[in-house]
Amino acid sequence: MQLIPLIVNGSVVSVTADGDTPLLDILRNHLGLLGTKFGCGQEQCGCCMVLVDGHPEKSCGKALSTVAGKAIATIEGLGTPDRPHPLQQAFLDEQAGQCGYCLPGILISAKALLDRNAAPSRAEIAEALDDNICRCGSHIRILRAVERAAARLREGGTR
Ligand code: FES
Ligand code: FES
């Protein structure tokens, strides 16, 4: 067991756990951040995606020891029901989810894309979301939602 510091959604936290523990388990079971989902557990589906120092990473395959001292952003850090991130608002506006299980991971991947590319093409959005599986087949609405959010952010939407 080790005491490992993390910065999660802007707050410094310390976790006592085996360094091999997957980050996903730490987020969900130690920190109570249930927005990040467990899907395959084998780095195949993307629903456990979080940002690690701004880069999208699959937290089911990320050992705790490898993220010590790093900044982790989860879906809980993106926005709130009262103040949704433009991506979250765009997904609502486009009704982009069906069951919604994939959406935390997709929103995180989309956030990483828009942080580095304010005006992505549809092909660039699809490429950025290539690691995220949506079993409900909402792909077209998801692409439209990311385009809508990008436009909103370019017009001065907050965050
Ligand atoms: S649960 Fe991590 S990629 Fe599927
Ligand atoms: S909305 Fe159900 S898996 Fe994507």
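Leu51 stands opposite Pro56 in β4. This is a predicted model, in which local features need pLDDT of at least 70, side-chain atom pairs count only at pLDDT 80 or more, and totals for chains, interfaces and linings use all residues. Residues are numbered from 1 along each chain as its sequence is written, chains are lettered from A and ligands numbered from 1 in the order in which they are written, and side-chain values use heavy atoms, with hydrogens and water left out.

β3 covers residues 49-52 and β4 covers residues 55-58. The two run antiparallel and are joined by four bridges. Strands (E, at least two residues) and helices (H or I, at least four) are DSSP runs, numbered from the N terminus. Two strands pair if DSSP finds at least two bridges between them. The β3-β4 hairpin has two residues between its strands, and Asp53 takes a positive phi near 50°.

β1 (residues 2-8) pairs with β2 in the antiparallel sense, over seven bridges. Ile4 stands opposite Val15 in β2. Leu6 stands opposite Val13, also in β2. Two residues lie between the strands of this hairpin. In the turn, Asn9 has a positive phi of about 50°.

## The sheet

Five strands form an open sheet in the order β2-β1-β5-β3-β4. Pairing is mixed. β2 (11-17) and β4 are the edge strands, and each pairs on one side only. From one strand to the next, the twist averages 40°. In a regular strand, side chains alternate between the two faces of the sheet.

## Helix packing

Two packed helices are described by the angle between their axes and the distance between the axes. Here axes are lines fitted to C-alpha atoms, for helices over the stretch in contact, and angles run from 0 to 180 degrees between N-to-C directions.

The axes of α2 and α5 (residues 139-154) come within 8 Å and cross at roughly 135°. That makes α2 oblique to α5. Oblique is what remains once angles under 35 degrees count as roughly parallel, over 145 as roughly antiparallel and 65 to 115 as roughly perpendicular. The α2-α5 crossing is right-handed. A crossing is right-handed if the near helix is turned clockwise from the far one by less than a right angle, and left-handed if anticlockwise.

For α2 and α3, the axes come within 10 Å and cross at roughly 125°. These two helices are therefore oblique to each other, and α2 passes α3 in a right-handed crossing. The axes of α3 and α5 come within 11 Å, crossing at roughly 40°. That makes α3 oblique to α5. α3 passes α5 in a right-handed crossing.

## The largest pocket

The largest pocket holds about 230 Å³ of space. A pocket is an open set of points on a 1 Å grid over the protein atoms alone, where a 1.4 Å probe fits, with protein on both sides within 12 Å along at least five of seven lines. Its volume is the space filled by probe spheres set on the points, which are joined across faces, edges and corners.

Lining residues have an atom within 4 Å of a point. Among them are Thr80, Pro81, Phe91, Leu92 and Leu103. α2 (86-93) and α3 (103-116) each supply at least two residues of the lining. α2 gives the most, with three. By class, the lining has seven nonpolar, four polar and no charged residues. Ala, Val, Leu, Ile, Met, Phe, Trp, Tyr, Cys and Pro count as nonpolar, Asp, Glu, Lys and Arg as charged, and the others, Gly among them, as polar.
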